[in-house]
Each structure stands twice: as C-alpha cells, then as structure tokens.
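Subject: Structure handover

Hello,

Here is the structure for you to work with. My notes on what turned up follow below it.

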Amino acid sequence: MNAQIKTELLGMNMQELEEYMASMGEPRFRSRQIHKWIYQKEVNSFYDMSDLPRELRQKLDEKAQISIPRVLKQRVSVDGTRKFLMELEDKKRIETVLIPQSKDKNTRYTLCVSTQVGCPIGCAFCATGVSGFQRNLKYYEIVGEYLGAKRELEKKVKAEDNALIANVVYMGMGEPMLNYEDVIKSIRILNDSIGINLGQRHITISTSGDIGGINKLTREDLQVTLAISLHACNDETRNDLIPLNRKYPISELMEAINNYILETNRRVTFEYIMLDNINVSRADADDMIKLIKPVLANVNLIPYNEVEGLIYKKPSDKTIMQFYNWLVNGGLNVTIREEKGSDIEAACGQLRAKRER
Ligand code: SAH
Ligand code: SF4
C-alpha cells in the first residue's frame, strides 16, 4: 500500500493556511475561504466548500483533511445537557459534554472537553481514571470537539450567534497538564480572534495537581482560569483519592498555587468533591479553612456523582449543607456546583466512553 499521509488543516491558523495554499500554488484568498469553512461553519468535507473551484476541492480532498471527530452518538438529559460520543481518526473514542447555562430556550452553553483518551492519573473515584489510559489528544482533536459539538448544537438550536458556546472547561476525560503543549495550542486556536474567538477568560483548565503544569501555566501569557481538584486537605486522604498526591503533596501543591497567584494576580478555583464518610467532617472543614483562607480563591463543592462499581457515595443533602455552612462561616468563598446530566452519565467524572449499545 502506498497510502499518502494527508495534511491536517484543522488547527491551522490563517497564516499556516496561507502557507499551505501557497505551497499548492493557490492564491491567498483561498485560505480565507477555507478558514471560514472550518472555524465558522464547522465544515470538514472539501466537497461542501461551495465557493471553491471543483478541481481545487478534489485536489484538497486528495492531499488534505479536516479531522473534526465524528459524533457517533448523542444523548440528551432532561435538563438539556448533551453528551456526545465522538470517534477520532484512529477509531478511539472520547466523550464531550455541552451543558446549558440556564433553562431559558435561548441559553448559552458550557462545553466540557476531553484532553486524553482515558487518564493515567487513576483517581479512585473517577470513571475515566479507573478505565485506564490510551493516548493524548492532539490539539486539533480538542478544537474538533468544539467544532463537532457546535455543529450538532446548531442543528437543534437555530442560532447564528457565534457565542452559542460561551465557555469551555477542560474537565472532560484526562489530565490536561499531562498533555500540556497540545492543550495550550488548542486554547490559542479557540481564542484566535479571526477564528472561533472565544475569550480566554471563558476558558478553565482543571488539574488534579500537576505542579510541573501549574508552573508552566504561571509563565504562560494566558488569562484562563486555573481550577485545582483538591478533594482532601490532608495528605493521607488525598493520597488515597488522587495517586498523584504521592508525587506532589499538598504543601508543595499550595506553594505552586501561591506562586501562580503571586505571578499572575489571578484567582484560582478549588474543586472539592464531597464523598460521604471520607472528606466532609468538621475536621475536614477546619483543615480546608486553614489551608485556603489565606489564598485568593473560590471553592467549588461538587456533590459526588456516583460511579457504577465504585465504593464512593454522595453525602446526604443535610451533610452537604452542613459542610457548606462550616466553610462559609469559616470565611471561604464557596459555591455548590449544580450537577447536570447525571441521568445520562454526563456529569463530571462519569465519562468513560465505553462502547455504547
Ligand atoms: N483531570 C482533571 C480534569 C478532568 S476531571 C482533574 O482531575 O482536575 C474534572 C473534575 O471532575 C475534577 O475535579 C475531578 O476530580 C472531578 N470528578 C471526577 N470524578 C468525579 C465524580 N465521579 N463526581 C464528581 N466529580 C468528579
Ligand atoms: Fe484523571 Fe481527573 Fe479523573 Fe483523576 S479526576 S482520573 S486526573 S480525569
């Protein structure tokens, strides 16, 4: 077989597209047309690019590709959350979730993207973590999650509004900091003002506490929000929940976070899953107040989404409210995350991209 490797156009910015078209002997304005087809119209077949000459479409089809992942399946929750099962070029599968921001029919959405197929961190409570690791996503595959989800959404919701997806959170499958270069590159493409044009402040990266990644982000010229999955404020419990804590214990993690805040002047978010009988006692609240009060931060409490086959349980509403009140009375900025999409296993930590029937 002499299969030619095609050039990937997804993820190219205008300048790169211009260079590519020039290498084919085509005029510059063709790249503007293609750029628009990709980033504004989410088109991945050259044959659908109706303002290109037929011969050029054919030539491009032979030499190039636009790998927006194929949506194999879509499930819609009673609350309007949509979960997409997407297939990548090598047939590997990931999940991407669109979450409506309100019940209003003109609502905007938050998109939760995956950064890896599976996850090597292996947190004890997480469906992705217990299902193992396969590979990192390429930057253009992450951008492809956005374009693929937007294309599906536009079929259902009539909106010419480019801001239909108002926020992107890197909280799907995988640990973004272990795929750092591609994650950052995908953010720059989402942010490109002549392309998708998503504001950096509308992007959040969540990490289980990879200090190397946090330090790199500190030096990056980006205005994104950093979220830290804390889940426990003592090393013993955190070691059990997040194996990475053995490498980067809480004291070192806090040092990196404080340095991030000092250097960037940006507020961080701590995510804290509430697990019954594990991390919601009065002592846990006191530990958190001691640890976080001095830090410029918000705390986002996440009632645990139970995962089939795992031992962890969501606490009762009473326990959740009690824990919340302890923290608020202790002087922390706290919100409880309203979980969406749990009826279709689309909530945080429930993604595993098993073969859907
Ligand atoms: N790997 C990154 C980002 C993806 S996970 C991280 O761990 O931060 C996104 C968030 O979902 C994390 O805060 C994670 O701890 C949380 N999460 C994982 N499993 C969960 C579950 N079953 N219920 C609620 N949140 C969960
Ligand atoms: Fe990976 Fe995040 Fe799940 Fe932990 S919680 S296994 S880091 S995806």
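One cut-off before the rest: a residue is called buried here if its relative accessible area is under 20%. By that rule, both faces of E10 are covered. Ile 203, Ile 205 and Thr 207 are buried on one side, and Thr 204 and Ser 206 are buried on the other. Please keep in mind that this is a predicted model.

In general, strands of a sheet pair through backbone hydrogen bonds, either parallel or antiparallel.

Now the pairs I looked at.

- E9 and E10: strand E9 (residues 165-170) runs parallel to E10, with three bridges. Val 169 sits opposite Thr 204 in E10.
- E10 and E11: this parallel pair is joined by four bridges. Thr 207 has Ile 228 in E11 as its bridge partner.
- E12 and E13: seven bridges link E12 to strand E13 (residues 297-303), again in the parallel sense. Phe 270 stands opposite Val 299 in E13.

How much of E11 is buried? Five of the five residues in strand E11 (residues 225-229) are. Thr 225, Ala 227 and Ser 229 point one way, while Leu 226 and Ile 228 point the other way. E10 is mostly covered too, with five of its five residues buried.

**Ligand 1**

The shell around ligand 1 holds 21 residues. The closest are Gly 174, Ser 206, Ser 229, His 231 and Asn 305. Two of those names come from the strands above: Ser 206 is one of the buried residues of E10, and Ser 229 is one of the buried residues of E11. Strand E10 (203-207) and strand E12 (268-274) each supply at least two residues of the shell. By class, the shell has 10 nonpolar, nine polar and two charged residues.

Which atoms come within polar reach of the ligand?

- Asn 305: a backbone N or O atom lies 2.9 Å from a nitrogen atom of ligand 1.
- Glu 175: an N or O atom of the side chain is 3.3 Å from a nitrogen atom of ligand 1.
- Glu 271: a polar side-chain atom lies 3.3 Å from an oxygen atom of ligand 1.

On its own, ligand 1 has 520 Å² of accessible area, and the protein covers 96% of that.

Glu 271 has a further partner. Its side chain makes a polar contact of 3.3 Å with the side chain of Arg 337. Arg 337 lies in the segment after E14. Arg 337 counts as buried because its relative accessibility is 17%, and the cut-off is under 20%.

**Ligand 2**

The residues around ligand 2 are Cys 119, Ile 121, Gly 122, Cys 123, Phe 125, Cys 126, Gly 129, Gly 174, Glu 175 and Ser 208. They divide into five nonpolar, four polar and one charged.

Cys 126 sits in the loop between strand E7 (116-118) and helix H4 (127-130). Cys 126 is buried, with a relative accessible area of 16%. Cys 126 and Glu 306 are 180 residues apart in sequence, yet their C-alpha atoms are 9.0 Å apart in space.

Is His 231 buried or exposed? Its relative accessible area is 4%, so His 231 is buried. His 231 belongs to the loop between E11 and helix H8 (235-241). Its phi is positive, about 65 degrees, although His 231 is not a glycine.

Asn 265 also has a positive phi, near 65 degrees, and is a residue other than glycine. Asn 265 is in the loop between helix H9 (250-264) and E12. With 66% relative accessibility, Asn 265 counts as exposed.

Best wishes

Conventions
Residues numbered from 1 in each chain as written. Chains lettered and ligands numbered in written order. Predicted model: local features only at pLDDT ≥ 70, side-chain atom pairs only at ≥ 80, totals over all residues. Heavy atoms only, no water. Near = heavy atom within 4 Å. Nonpolar A, V, L, I, M, F, W, Y, C, P; charged D, E, K, R; others polar. Polar contact = N/O pair within 3.5 Å; in protein donor to acceptor, adjacent residues only side chain to side chain. Areas by Shrake-Rupley, 256 points an atom, 1.4 Å probe, with all protein chains shown as cover. Pairing = 2+ DSSP bridges. Buried < 20%, exposed > 50% of the residue type's maximum accessible area, 1.4 Å probe, protein only.
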